[in-house]
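Dear colleague,

I am passing on a structure that I would like you to look over.

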Amino acid sequence: MPVSAAYHPEPAFFDLGPEFGDAVRSAVFPEHRLRFRNDRAAADVGLADLNGDEWIAHFGRFEPLPCQPGPIAMRYHGHQFRTYNPDLGDGRGFLAAQMRDASGRLLDLGTKGSGQTPWSRAGDGRLTLKGGVREVLAAALLEARGVPTSRALTLIETGEALERGDEPSPTRSAVLVRLQHSHIRFGTFQRAAFFGRADQIETLVEHVRALYHPTVAAGDAPGLLWAIVAASARLTARWIAAGFVHGVLNTDNLNVTGESFDYGPWRFLPFYDPGFTAAYFDHSGLYAFARQPEAVFWNLTQLAGCLKLVADAEPLTQALNGFGPAYIAELRAAFLDRLGVKSLGEAADQRLLDTALALLREGGEALGWEPLFHDWFTGFSSSARALAGPRGKLYQGEAFDAFRFALFEHEPDRPERLEHPVFSGSPEDLLIDEVEAIWAGIDKDDDWSLFEAKLARIEVLRQAHA
Ligand code: AMP
Ligand code: MG
């Protein structure tokens, strides 16, 4: 048997029927070259035992895994840069399978670049290899930095030549498979609302509640909204603490479980810069670093609007109003987590958040974003290392003193982690120049060594913090 006893298929979304997705077939690719295989993720869902041929059969040719009905392209609409677009849906991906992981979480296997669907419109249904490489890298570092994220399961180069306006063309093709809790988007609800289908909204509410937010009572749409608001606030706070700019926070790119996914023009922040923008086409800075909370909130208001078809406005508004306080609480928690210290109550935690942000602002380009978290991990125990390190001379003055005071108030969280060798090295970042250098190696010489070495270092980082 190609799958192990840890494989627990449960194709729940497929049971919602043809109004929510369309049966599709994968493109037939001229070749399949395995470029990345995530056996840790595969093991979580019982797929690590697949041999090389079986892996390609399931994730390159998309022969259905046992007890899975075959791919469906999910239907959804969405607001793109605040403009409603009914011409969306899975245009270059599909839901390939669903299964439970070892902890009982339902996970989707979703694709990107697997071919055309009824929702492709003028698109070719393909993913560029560079786009695939970028998604693998982003997901890996986000996971290591404690952000709820999809994980890349595999990247397979497919041997086609693609034409793209934003890459030197022709450019190489690939198909990516990702694992994530849910691919049900805010835009999935928007499509049902667009057609006035209260019955479909009810179906979605019950499906999402039962599978992803089971503590919410049946029929309690405002309760479900609140669960999604809370998960989205947590996600947004973790992006900020990780110094991450998603780049395209449209309602079709936010899901009901509060995990980020669909990493296109993302960037990590080089240094404190609220207006830092990732996507070259985001001319107004709508999705800039510090505007991400506002963007997510705006998207949540659209989801709430859809739920008005099945619930009263008042409790929905109340749920929405919880976003701001939830976001601030999550931001405090995310900074504590990144700095490796324990909570000391709201006031002290807020002081740490405020002073860390003030120091990051003052330190600017010289300090950077990531180095502060690396240098001061677990607080007091890092003092000697931080002060003697390459940024030691930046750690002085009023902003620093306030930060140090607030940090040292907090008890270290598992300070033994500091013994890991990653903390005697340099911070592990993933800024645009490095991403481009990794890609240049692949592009010019088919040299995957930088890519592989980077992923290996990110994995070490993840383990060091775990
Ligand atoms: P994204 O910006 O990747 O979230 O995609 C927005 C919409 O465009 C989704 O409906 C995608 O399926 C669709 N799309 C993006 N690229 C392609 C492509 N190459 N072929 C077909 N559809 C695409
Ligand atoms: Mg998308």
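Which element gives the most to the lining of the second largest pocket? That is α15, with three residues, where helices (H or I, at least four residues) and strands (E, at least two) are DSSP runs numbered from the N terminus.

Please note that this is a predicted model, in which local features need pLDDT of at least 70 and side-chain atom pairs count only at pLDDT 80 or more, while totals for chains, interfaces and linings use all residues. Residues are numbered from 1 along each chain as its sequence is written, chains are lettered from A and ligands numbered from 1 in the order in which they are written, and side-chain values use heavy atoms, with hydrogens and water left out.

To stay with the second largest pocket, its volume is about 660 Å³, a volume being the space filled by probe spheres set on grid points that are joined across faces, edges and corners. A pocket here is an open set of points on a 1 Å grid over the protein atoms alone, where a 1.4 Å probe fits and protein lies on both sides within 12 Å along at least five of seven lines, and lining residues have an atom within 4 Å of a point. Its lining consists of 30 residues, with G146, V147, P148, T149 and R234 nearest the centre. Because domain 1 (8-183) and domain 2 (187-331) both give residues to this lining, the second largest pocket lies between them; the domain bounds come from an automatic or database assignment.

The largest pocket has a volume of about 1400 Å³, and of its 48 lining residues R92, K112, D166, G264 and P265 are the closest to the centre. Two or more lining residues come from each of β8 (106-112), β9 (127-128), α3 (129-144) and α14 (432-445). The largest pocket also lies between domain 1 and domain 2, since both give residues to its lining.

As for the metal site, the magnesium ion (ligand 2) has N253 (OD1) and D262 (OD) as its protein donors, at 1.9 to 2.2 Å; donors are N, O and S atoms within 2.8 Å of the metal (3.2 Å for Na, K and Ca), and sites may look incomplete because water is not among the atoms. N253 counts as buried at 6% relative accessibility, buried meaning under 20% relative accessible area (1.4 Å probe, protein chains only).

Finally, T378, in the loop between α11 (370-375) and α12 (383-388), is buried with a relative accessible area of 0%.

Best regards

Methods. Buried means under 20% relative accessible area, exposed over 50%, partly exposed in between (1.4 Å probe, protein chains only).
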